[in-house]
Amino acid sequence: MNAGSLVASAGINIGLALVVLSLFSVLKKQPCNASVYFPRRIAVGDDLPLERRFSLRRLRPSISWISRAFRLSEDDVLRHNGLDALVVLRLFKFGIKFFTVCSVTGLLILVPVNYTSEKGSSQSTVSHSMVPFTISNVRRGSDRLWVHFACLCFISFYVLYLLYEGYKGILDCRIEHIGNHRHRSDQFTVLVRGIPLCTEHKAHGCCVDHFFSKHHPYSYQAYQILYDGKNVEELQRLAASIERKIKMLRQKARNQNSGFVLCDIFRSNVADLGMHEERLQEELSVAFVSFKSRLGAALAAQTQQHVHPLLWITEFAPEPRDVLWNNLAIPYRHLALYKIVGFIAAFLLTVFFIFPVTAVQGIVQFEKIKKWFPPARAVQLIPGMSSILTGYLPGVILNGFIYIIPYAMLSMASLEGCVSKSKKEIKACSMVFYFLVGNVFFLSLLSGSLLEQIGESFTHPKDFPSHLASAVSAQSDFFMTYILTDGLSGFSLEILQLGLLIWHLIKTHIFSKGTKIDPYLYGFPYYRVIPIVSLAILVGMVYAVIAPLLLPFLILYFLLGYAVYVNQMHDVYEIVYDTCGQYWPHIHHYIFIAVILMQITMIGLFGLKSKPGASISTIPLLILTILFNEYCKIRFLPTFCHCSLQSAKENDDRDEMEGQTEVNRENAINAYHSPWMRPVNLGQESSSIQPLVWS
């Protein structure tokens with residue numbers, strides 16, 4: 001990729017971002033688009049900052065939403081959006097802090113060292129636009145490589161410091177957040193699975209009551225057994241069919257007395273209704289058990305209840321709004337099979353994705369393709385087309401494929417039978433991250449290196465190590481275009497909501513003309529945002545010492561991403577659950593993997609650059625990083641995975657002091673009712689409850 005391709009990529013992405021962001025700022029001011037750009041605020045009943053009367057200000061682009069995003073305090077985010085939303089913003093802040101320091105270090109120290117170094121032997125055969133500014137420009141065995149080692153140590157210690165402060169900060173917020181939300185029913189409730197059948201009464205419910213009354217006599221309060229709701233949809237369809245019959249027969253009843261005929265018609269359904277009633281009353285071996293105190297719930301949820309580990313399996317219940325009710329019907333012992341199915345599906349998707357990534361790298365290495373396939377030179381006949389083809393198009397194609405991956409992985413995570421939406425999305429988050437690391441990062445690197453060096457490796461086999469080192473640095477061009485496309489174009493299209501806007505216009509002017517449009521309210525896509533941003537951190541971290549010119553683009557990436565997602569959290573996305581920061585341990589792990597890859601890459605590069613002293617000196621740094629991660633697992637992780645008895649007792653005491661104990665207990669008892677067991681809202685008049693026969 002030459003300098004023209006990089007300029008073309010930067011120019012197109014910057015221009016597209018400016019156009020899209022300007023268009024967004026204008027469209028957001030139009031009242032007719034409120035259901036697209038303010039669905040969350042409409043749902044909670046907030047006043048919208050819209051001018052109903054036409055004025056020129058509604059047609060003038062503005063950046064007020066950006067300044068508002070950076071003025072918003074973390075306390076406001078925590079109060080209105082929850083701790084999980086704050087975790088996402090902390091991830092963007094981590095990227096801003098880290099890459100700002102790395103950019104200063106790289107631009108002031110590494111770039112001058114690289115650029116003023118004597119050219120290595122590989123430079124006579126391989127030329128890239130960024131190579132003079134990368135570590136590839138330093139000759140083999142040069143003492144200047146110790147400068148890179150020193151910068152590597154500084155960057156490593158700085159990122160470990162940020163990780164420690166980030167983990168500790170989120171942990172403190174988690175403890176405080178749980179204490180401020182003592183009304184939550186899940187703090188008093190335990191999910192119990194593997195309930196045996198009572199031999200005397202042939203039911204699971206009485207067995208739950210007997211077991212917990214015996215083993216938790218002072219803290220046990222009540223239980224809510226679950227019923228199989230697989231026939232509910234069938235009954236709903238039957239009810240709709242009956243309602244249609246009622247409407248038709250009512251028309252006949254206007255002219256003749258057909259009350260006895262109606263009775264005869266529906267008398268045949270009495271037996272069917274009795275059968276459906278019996279099937280709806282079939283109990284599952286799952287129950288929600290509520291306790292009188294958080295202390296009692298913590299003891300029950302975090303201890304083994306029975307000598308048989310597959311009986312009386314307990315865990316903290318998710319929030320009522322977070323429960324995936326259908327998955328609770330899956331027997332616990334079958335979950336391993338479901339996980340295997342999900343793993344196989346994810347593996348097949350990973351294998352399939354090899355082909356588009358390889359094709360993208362073929363476009364990037366267009367100069368080599370021209371040598372192997374001469375007809376491809378026809379592209380050069382169009383001025384500027386070659387630069388657009390190699391600079392902008394690969395990033396667009398790759399990001400287009402990446403866009404569908406989170407949704408595919410979410411579907412595969414659904415196959416594993418998670419009991420809550422949050423667990424399913426956390427699982428999907430990890431699946432997406434590892435997919436991106438394997439297919440986008442490693443496969444892009446290997447594909448580019450192989451295409452670049454396949455000819456040179458055969459003609460000069462002794463120079464293969466230096467060629468490989470040069471190829472690693474040369475791939476920074478591609479990743480720069482990826483960051484530009486994903487950051488500038490990707491974030492801009494995210495805030496524009498182009499697909500939803502087009503659908504809204506079609507629905508408003510064609511399908512629902514003249515009717516009120518409900519707001520398009522969706523949950524925040526943690527499973528999409530977190531892994532893609534974590535991949536950007538990984539790319540930047542691996543290339544922090546190798547190609548520091550990439551780092552300023554990452555600062556722009558995280559600044560724009562922060563502003564975009566503050567706006568989306570505040571105005572657009574609904575917060576459908578709050579795990580109290582459960583995403584941060586996974587984010588910490590993703591960044592830890594990035595640090596390890598950075599250090600391993602530098603060990604290899606120092607070796608290829610004939611500087612074994614620097615390579616060996618990096619090994620203790622790698623070991624120290626691993627020990628730091630193990631310390632974090634001991635120091636912070638248990639508090640995210642468990643509820644300490646100390647915190648539970650302190651929150652119980654606060655309830656006693658404030659007189660909230662009985663209220664919270666009652667809320668816990670009534671919170672966990674299956675959707676099909678809840679009362680039907682008959683507030684609106686329905687034709688099915690009007691009299692069939694008029695006197």
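Start with the second largest pocket: 35 residues line it, and Y403, Y407, L493, E494 and R528 lie nearest its centre. Helices 17 (393–414), 18 (421–459), 20 (476–496), 21 (498–511), 22 (526–542) and 23 (551–572) each give two or more residues to that lining. This is a predicted model: local features need pLDDT of at least 70, side-chain atom pairs need 80 or more, and totals for chains, interfaces and linings use all residues. Numbering runs from 1 along each chain as its sequence is written, and side-chain values use heavy atoms, without hydrogens or water.

A word on terms. On a 1 Å grid over the protein atoms alone, a pocket is an open set of points with protein on both sides within 12 Å along at least five of seven lines; a cavity is a set where a 1.4 Å probe fits but cannot get out; lining residues have an atom within 4 Å of a point.

The second largest pocket holds about 880 Å³.

How many cavities of 30 Å³ or more does the search find? Four, across the whole structure. The largest cavity has a volume of about 50 Å³. Its lining includes T189, Y223, F288 and Y672.

Last stop, helix 6, residues 83–115. Helices here are DSSP runs (H or I, at least four residues).

Methods:
Points joined across faces, edges and corners; volume = space filled by probe spheres on them. Expected span 1.5 Å × (residues − 1).
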